[in-house]
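Me: I would like to learn how to read a few features of a protein model, one after another. Could you take me through them, giving the general idea before the particular case?

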Amino acid sequence: MVYTRAYKMRLTMHFLMRRISILERRVSLVRQLLGSFVLIAMGLTAPAIVAQKVELSVDVSKGGAKIDRNIFGQFAEHLGHGVYEGIWVGPDSTIPNTRGIRNDVVAALKALKVPNVRWPGGCFADEYHWRKGIGPQRTVTLNPNWGGVIEPNTFGTHEFMDFLDQIGAQAYVSVNVGSGTPQEAAEWLEYMTTAQPTTLAKERASNGHPAPYNVALLGIGNESWDCGGNMTPDYYLSQLKIYSRFVRNFNPAQQDKQQMLKIAVGPGGAEPRWTDWTETIMKAYQHHQWSWDMNGLSMHNYTVGHWPPSFASVGFGETEYAQILKFTLDMDDLIAKHSAIMDKYDPQKKVALVVDEWGGWYAPLPGSNPGFLVQQNSLRDAILAALNLNIFARHADRVRMANIAQMINVLQAMIMTDKEKMVLTPTYHVFKMYVPFQDATFVPVVFDAGTYTHGDVSLPRVDAIAAKDKTGKLWLEVTNIDPNQPTEIDINVPGITPKSAAGETLIAPKVDSVNTFEAPHTILPKPVSAKAQAGKLTLKLEPKSVTVVAIEQ
Ligand code: AHR
């Protein structure tokens, strides 16, 4: 009800603002024409770049859902150099490390306050057998999913947990449903979590960790409709019930509070096969018995355009910039579609929609192993990340967790490494700028986004979200999608006279600008502030930029 009224108000405001903005545009057009006549008369040319005006209102009187910090989760799969070289270099490496885990990567990730890391896959998870990755003697196997390379299993359960401890994140462990058994998964959880002196707990202690591990999140399979075993929804549902029942967390600290959340495989798109999937799982959940449960339904959605991925990750122009961002915005419809099905069977929203694979997926970089999913990360990816995070925030009542794919050296990564070198990507900087939104309360913003058009692609010119953090501080994010025109945002906070706003803005010379090992600071956040005048703030945004400011009241 609250949302319906708010939505109606938003629509009314939207149309009002649109009218005002059309009038303003007409007045400004007449002014520009007059100006041009004067300039022509003076023998001069009119300036090409005109800052567009946007009136934006932050409605602090209305509180929305909590933007769960788990929305900023990461994904580290045994794929290419995601784990080996990206995280793990081994204790004997000349690259500075702590117990085999690179120090530079840990320091960078700590600054992101990473809430959780999904591991070991992906498709890899459904071929992972945990016993091969514990103890002094590791079993060397293959990684048939990703390039058929050697999997040394030197990074296993203990190394993963050590990595999490070092960066301060929680474990999101995906168990093997495709080629494993419920018994194997149950024993893995017993090995990790029991405090009682069972044989498995003693084995864990002899491998260096007497205390039980905390496993906050459990993924029951991965893409079981495809690489996870090509199951029908009904077949997967029966597996889900069995795994949910028998794969237990015994950690005494996770019995009443901080219980492990179980995440079922969910959809991978909007086609009927995936809506059927969501229907089947959620319908069963509605009348589920005591013996099984789930707390989340996973959803995977990459910005890819079409399969196989063919958009270049670098060396592209405005056309590919606009096209990729248009595909990005499809996330909103997809979430709305599956949320509507979930609402039917779970109106109290007990089950979270967990977007645990998202990001841009482009053609592999020339010369790289195609199985390693290596791509560059440009300013376009920073905008893509901001748009997705804003969509998740707007759906925060249902989307309570997400994991970008992936953390290091794979797909839309935070970090890229090459031996001892490390570079932070534009996506990394966006995640850092969004830290204040972790666990903040969503605050509605009303604005007329306007339109940016390139060729046959039209997009909203700007996007924005606001939130109040735990200390009551108000945060605003504004993305200027338009790669050519700056924007001037007039920020109103009805009922309050904002004093100032300051924060950071991420800008770049070109839509495909990247940070490289040779030039790692091409795209870096820069300080930005807004001027207060006549009870509102004016914030100037560069073309194609992501900006986060704190509003001082
Ligand atoms: O992130 C790469 C792969 O994409 C994952 O392993 C799989 O789940 C998805 O298809």
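Me: Is the link of Cys 123 and Cys 227 left-handed or right-handed about the S-S bond?

Reply: This is a predicted model, in which local features need pLDDT of at least 70 and side-chain atom pairs count only at pLDDT 80 or more, while totals for chains, interfaces and linings use all residues. Residues are numbered from 1 along each chain as its sequence is written, and side-chain values use heavy atoms, with hydrogens and water left out. A disulfide is a pair of cysteine sulfur atoms within 2.5 Å; here Cys 123 and Cys 227 are joined with an S to S distance of 2.2 Å, and the angle of -95 degrees about the S-S bond makes their link left-handed. Helices (H or I, at least four residues) and strands (E, at least two) are DSSP runs, numbered from the N terminus.

Me: Which residues come nearest to the ligand?

Reply: A residue is near a molecule if one of its heavy atoms lies within 4 Å of it. Of the 14 residues around the ligand, Glu 77, Cys 123, Glu 223, Tyr 302 and Glu 357 come nearest. A polar side-chain atom of Tyr 302 lies 2.7 Å from a ligand oxygen atom, and for Glu 357 the corresponding distance to an oxygen atom of the ligand is 2.7 Å. Taken alone the ligand exposes 290 Å², of which the protein buries 94% (accessible areas come from the Shrake-Rupley method with a 1.4 Å probe; for residues, only the protein chains shown count as cover).

Me: How many residues of helix H9 are buried?

Reply: An α-helix has 3.6 residues a turn, so residues three or four places apart point the same way. In H9, 15 of the 16 residues are buried, and the helix is thus described as mostly covered. Helix H9 runs over residues 379–394 and reaches 23 Å from its first C-alpha to its last, close to the 22 Å expected at 1.5 Å a residue (the expected span is 1.5 Å times one less than the number of residues).

Terms used:
A polar contact is a pair of N or O atoms within 3.5 Å; within protein, one must be able to donate a hydrogen and the other to accept it, and residues adjacent in sequence count only if both atoms are side-chain atoms. Buried means under 20% relative accessible area, exposed over 50%, partly exposed in between (1.4 Å probe, protein chains only).
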